[in-house]
Amino acid sequence: MKKGTVLIVDDTEMNRSMLADMLSEEYDILEASTGAEAAKVLQKRNDDISLVLLDIVMPEMDGFEVLELMERNGWLNRIPVITISSETASAYIDHAYDLGASDYINRPFDEKTVQRRVRNTIMLYSKQKALEGMVAEQMVEKERNNFLMVEILSNIVEFRNGESGLHVLHIRTLTEIFLRKLQEITDKYPLPAARMALIINASALHDVGKISIPEEILNKPGRLTDEEFAVMKTHSMQGASIMQDALQRHEEELIQIAYNICRWHHERWDGRGYPDGLQGDDIPIEAQVVALADVYDALTSERVYKPAYPHEEALRMILRGECGAFNPLLMQCLQEAGPHLEEELRLRSLSDVSEANIRALSSQVIAGGKVSSRTLTLLEQERIKYQFFASMSNEIQFEYNYQSDMLTISEWGGVRLGLSTLIEHPEGNGELHRVFSLEDFLDLKHRLNCATPEKPIAGGMYCLNVKGEKRWYKAVARPIWQADAPDEVTGIIGKFVDDHEEQLRLEQLRRMAEQDSLTGLSNHASARSWIRRALTAEGKQYAMLLLDLDNFKAANDAYGHMFGDQVLQHVAHMVKNSVRGGDIAARIGGDEFLLFIEYKGDIKALARRIFDALHGNYKSFPIRVSMGIALAPQDGNAYETLFHAADRALYAAKKRGRDRYCFYDSSMQDLLSVLSSIDN
C-alpha cells in the first residue's frame, strides 16, 4: 500500500526532525521551515499530501495565515491540518479551529500521541470535515529554542533583580502588541516582519546592563537616594557597552537593535529622558516601543519598592503623562490595545530553558529507539549552547530531580566547589555537606517547600566552604511543577551567586554605622539598642556609668582641637581597657562616655576600680572624670529610666566638686540633667 505523505511546517529544525523521526516509518515526509515555503509545497503537491502538521507561531507568515491560504484555495476540504504549538491559551486554539484546523498537538511531543492523532485524523477526515469541540487543556511550556542566548542572558538579569521571570516575557509580549498596532494605524514606521521579530526578541535584553548595578541598590525596598538613582541610571549605558563589545566581533542586526534598546529605552519624547536626552524621533522606534512596554509592566507588577497598580490605573497614569512623555502614536496604540492587554499577558506562559529540559527532550525520542543522526546532532548543539552560557555566567547552577533523587551541578560549579557534577541522594551526602552544611541545606529545602506557583522563587544567603575558604553565596531557586498536576513538584532549578565581597562590605558598613568614627567605641544609637536588649533578661544585675571629662574645654583652648581629639582617643582607650569584652563602652557626646556592665557582688568596689583606672595624664594634660552610676533593676529596668538616673548622678558628682563619682539615689530625682539633651 502506498504510504501517505505528511507535510511538517515548523520554523524550528529540531521540531521538524523529531516529528519526522516519529512518523517516517509510516509516512513519507515533506518539510517546510516557513509559512511561505509551505504555501509553495502545497501549491505543487496538494494532491499528494495526506495531512499537514502546522506550527502556529512562525515569522513572516504564521500558521493562521497558512490556514487562511488553504481555505481560500479549497485545500482544507481535502487536506486535514493538525496545529502544533507551545501556545496553550484557548484564544489560540479556538482561532485555529475557527480557521479549519482538525486537531491540536502541544509541545513537548509524545511519540505515541503524535502517531495516534496523525493516523486517526487521516482516517476520519474523509468522513467528517472537522472534529469540533476538541480543545487541548494541557499547560505546556512555550518553546524557547530560538534566541537561546537572549533568553538566558535576560533571565540572569531577572534572577539577580529578584523579580519573577515574567517581566521578560511581558516586555516581549507588550512589544509585539504595540508594534503590530503601530503598523495598523500608521505607515510612518514601516517594519518588515523579520525586523519586527528581531525587535521583539531583542526587547528581552533591555535591562541587561543591570547586571552591573550593586544588589543593595537593585533590590532596595524603599525610595532610592539621588546618589543611588544616579548609579541605577548607568544600567542603560552599561547594557549598550555590552552590545557594543559584541558588535565589534559580530555585526548582527539583532545586536544592533539590542544596542539601541539598551541605550535609549529610558529616553522620553520631550527630551527629558536619559542617558543622552534624545527627543522625538531621534529615539529609535524600537527603543520607544520598549520604553512604553517597560513603564506599563513596571506599573502593573509588584516590585520590592511598591505594590502593583491595577491595569486601569496604570493606563490612566501613562496617558496623563505621569510616567514621562511618549510618542503620540504610541499613546494611540496603548489606548486601542488597552482593553486587551491584561488578558493577553495572562494568556502567555513562561518557559524555562535548562539542561534538564534538553535531557528530557532527548529521553523522549531515545526511549522510542528511533533517533536520527540529525536529531542527535541538534540535541548535542542545544547541550553545548547550554553549557557555554552556564560557564559564561560564573554562577554555580544546579538542578534536582525528585524521581531519581539526583542533584546535578553545572560543570563550572562543580570545579569551583570541588564537587562531582552528579550527586546522588544529596540530603545524606557527606561530600556535599562539607561544602554546604546540612543545616543550611535543610533551610533552603524548607524555603522551597513553601514556594507556590504564584510565588515560585525562594532563596537565602549561605556560607559555603569553597576548597577550605568560607565564602558567602546568595541562593536563588524555584520548584518545577508538573504541567497537569500543579501540586506535584518534579524538580528544582537554581543557582548560587558569589556575594562574599558584597557581604564583607555590608558588614563593614554596619560596623561603621555602629561605631564612633573618632574613638572606635560604639556610638550612642548602637549602645542604646544593645542595652535595651540586655535589660529584657531576667535575674541579672547591671550598672550604667556615665562619664564626663573634667576641664576638657581647657585642652581644646590651650592646645587646639587636634590635641583635644587625641585626648578623647586616649580616654576611649582607657575606657575600653577598664571593662570586660562583653561589656558595652560608647562615646555618647563630645567628651561624654557610657559604660554598661553586668555585675555580681560588690558594685561599689567595681565602680571604684573603674573610676581609678580612668585617671592619668595624656602628655601634659591631666585626665580627670566625673561619673554618675545607676543600677538595674534597683533604679529602673527601662533604658530611658536608667539613663536619666545615671545622668542626674553625674550632675550630682559635678555639683559636689568634680573628679568624683556618685551612685543615684532618690534625693537626686529633682536635679538638673547633664546629658539628657544628647539623648533627645
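**View 1. Lysine and arginine charges placed over aromatic rings.** The charged end of Lys233 sits over the ring of Tyr274, at 5.1 Å from the ring centre, where sitting over a ring requires NZ of Lys or CZ of Arg within 6 Å of the ring centre and within 35 degrees of the ring normal. The charged end of Arg533 likewise sits over the ring of Trp530, 4.4 Å from its centre. The model is predicted, with local features needing pLDDT of at least 70 and side-chain atom pairs counting only at pLDDT 80 or more, while totals for chains, interfaces and linings use all residues. Residues are numbered from 1 along each chain as its sequence is written, and side-chain values use heavy atoms, with hydrogens and water left out.

**View 2. The aromatic pair of Phe436 and Tyr462**. Rings of Phe, Tyr and Trp (its six-membered ring) pair if their centres lie within 6.5 Å, and planes under 30 degrees apart count as stacked, over 60 as edge-to-face and the rest as tilted; the count by this rule comes to 13 aromatic pairs. Phe436 and Tyr462 pair edge-to-face, 5.4 Å centre to centre with 75 degrees between the planes. Both residues are buried, meaning under 20% relative accessible area with a 1.4 Å probe and protein chains only. Phe436 and Tyr462 also belong to one aromatic cluster with Phe398, Phe441 and Phe496.

**View 3. The aromatic pair of Tyr542 and Phe596**. These rings are stacked, 4.9 Å centre to centre with 20 degrees between the planes. Tyr542 is buried, with a relative accessible area of 7%, and Phe596 is buried at 4%.

Conventions: Buried < 20%, exposed > 50% of the residue type's maximum accessible area, 1.4 Å probe, protein only.
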